[in-house]
Amino acid sequence: MSVRIDGEMSGVVPSRVRRILRGPSPERVPALVATACTLVGLLDIAAGVFPRFRHSRIHTLAEVLPGALGPFAAALALSAGVLLLYLAHGLRRHKRRAWRAAVVLLPAGAVAQFVYRHSIIGVVIAGVLLALLLRHRSEFDALPDPRSRWRALTNFFLMGTFSLGLGTVVVGTHPHNVIGDPSLADYLTHVVYGLFGFEGPIDYTGRTSWTVGYSLGALGLLTAITTIYLAFRPEHPAARLTDDEEKQLRELLDKHGARDSLGHFALRRDKGVVFSPSGKAAVTYRVVSGVMLASGDPIGDVEAWPGAIERFMDEAKAHSWTPAVMGCSETGGQVWTRETGLDALELGDEAVVDVADFSLTGRAMRNVRQMVKRIERNGYETRVRRVRDLTPQELEAVQRAATDWRGTDTERGFSMALGRIGDPGDLDCLIATAHKKDEVLGPYGDLKAVIHFVPWGKDGASLELMRRDRSADPGMNELLIVASLQAAPQLGIKHVSLNFAMFRSALARGEKLGAGPVLRFWRGLLVFLSRWFQIESLYKFNAKFRPRWEPRFVVFRSTRDLPRIGFAAMQAEGFVNLAMPRFIRPARKVQRPCPHIAPLERQEREVQTA
């Protein structure tokens, strides 16, 4: 008798049998096809590289798989294997162009199977995969990622390195057929010559020379073709804030900026933005390594947040990006999880100081008080002002000092960094500077340290940047934060957001009396990682000012996405830099002062340098 899977008899059939009869779910098809392409590609590469593999029992099975066009076609097997590996990544990410390429490649592979080996099984397997792709073509609708022609240069280096390494393996897997005793330099020279289509210094017996030569030539040709394709295809630049979008964001911040201390950082110009249908809310983001990374809460009216979040998720789905949010508040995390079904995890705490409650008196503030007094006795003085109140010469000196004192090749920060000082639209920002007049003027005059705050609504400020001269006395940052908190009432500031302390609660609980072994182990691991990342140091620095701690969360789709999201966040924050070497990078625009700010006079520069 027949069994109806979806009818009243479904309870009789085990769930595993029902899943088999129904076939793979649509959302699993891209991963299934990508895995099949990956396995076939690896088998093809092995068939093209290792002679013994081409005569083994494993290769007897591999011959019936699409893409393996013959046991002796080593060059063709290598090419097919590499292309299938490239194709698998795009299929796994639902890319439309990868689907189109697979629809063309699979029939071609099936025809080649039949023509070269009369393999009916190979045709059947290719046909099954092709039918699967055609049936679920709606799953492969992701748009292309942002790209530029500089990716062609990256492809040339990566593909060239891969071809050089794989070519070395190809040349070295025929030791019994080598004539003479070539050196390592001869092997490398032979690989390089072969990638460019020339005959190298090594000779082989029999037809091995043809096999090695065609294999190396195929790898070199693939490197050239992929590089040329990436260089001449149309550019699709990453999203950037336009002038109109920035104006609209500033209007939302004027009305609702007091809700989130990270709101002003949405004005970074290396971010994209999506608005709600009503235009009353927005989510800013940056795409890093296939992760669509938002930071902080949505901007604007809370009632309009769901509309902006829906647009964000639609954009992520359209491009098959992994959606994630870094550093949202508890309220923001609740809205994100409720509207999208995503999950949330506490990431750390933001240190917020209420100006009315801040004081240097008391035993708890003794260390900070003593440090500030010591630095002041050494002749340092502080100034806390709005950016608009700085003279043109002072602002230019601050800009140059902030760049030169950075200490790293790239600017760090994403979720709590603006990336600029003195922009015409940021004249409400605060700048605290430390000076020492009794010294000989340096390149920046008597300037010794700088910290920069961005507005947090009408009566708040959020710390954005801290820089100091390495030759200055220790404690410059503490001095300037204390000066800013003491000057805040005159500037109309009621609360100040300091640094974000990642995993703060774990560090705090792990050092308490009676902490369990798990907490102590977790804290010890965080302390160990603090050798490379500012985890414990930021927590202890923030704790000096007796702040209140506001939890911040990371929002993600599934736990298996967390490593990828973490790596993308480290790239966005500047801790991991995958940029090209300096000498081949496009020149970056140097930050300039506001239009009304004139440069320092040459004579004044010479005096300061002297």
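Modeller: Strands here are DSSP runs of E with at least two residues, numbered from the N terminus, and in this predicted model the loop between strand 2 (281-288) and strand 3 (291-295) holds Ser 289. The phi of Ser 289 is near 55°, a positive value in a residue that is not glycine. Most residues other than glycine have a negative phi. Ser 289 has a relative accessibility of 40%, and therefore counts as partly exposed, since buried means under 20% and exposed over 50%.

Because its relative accessibility is 15%, Ser 320 counts as buried.

Turning to the packing, Leu 293 and Ile 431 touch the most other members of the largest nonpolar core, which has 43 residues. Leaving aside residues up to four places away in sequence, Leu 293 touches Thr 284, Tyr 285, Arg 286, Ala 324, Met 326, Phe 414, Ile 565, Ala 568, Ala 569 and Ala 572. Apart from this core lies another, of 34 residues, including Phe 358, Leu 360, Ile 451 and Phe 541.

As for the setting, the protein chain has 20 helices and 12 strands, and buried residues make up 48% of its 610 residues. Of the contacts in the protein chain with a separation of 6 or more, 75% are between residues 24 or more positions apart.

Methods
Residues are numbered from 1 along each chain as its sequence is written. This is a predicted model: local features need pLDDT of at least 70, side-chain atom pairs count only at pLDDT 80 or more; totals for chains, interfaces and linings use all residues. Side-chain values use heavy atoms; hydrogens and water are left out. A nonpolar core is a set of buried Ala, Val, Leu, Ile, Met, Phe, Trp, Tyr and Cys residues joined through side-chain atoms within 4.5 Å. Buried means under 20% relative accessible area, exposed over 50%, partly exposed in between (1.4 Å probe, protein chains only). Contact means heavy atoms within 4.5 Å. Helices (H or I, at least four residues) and strands (E, at least two) are DSSP runs, numbered from the N terminus.
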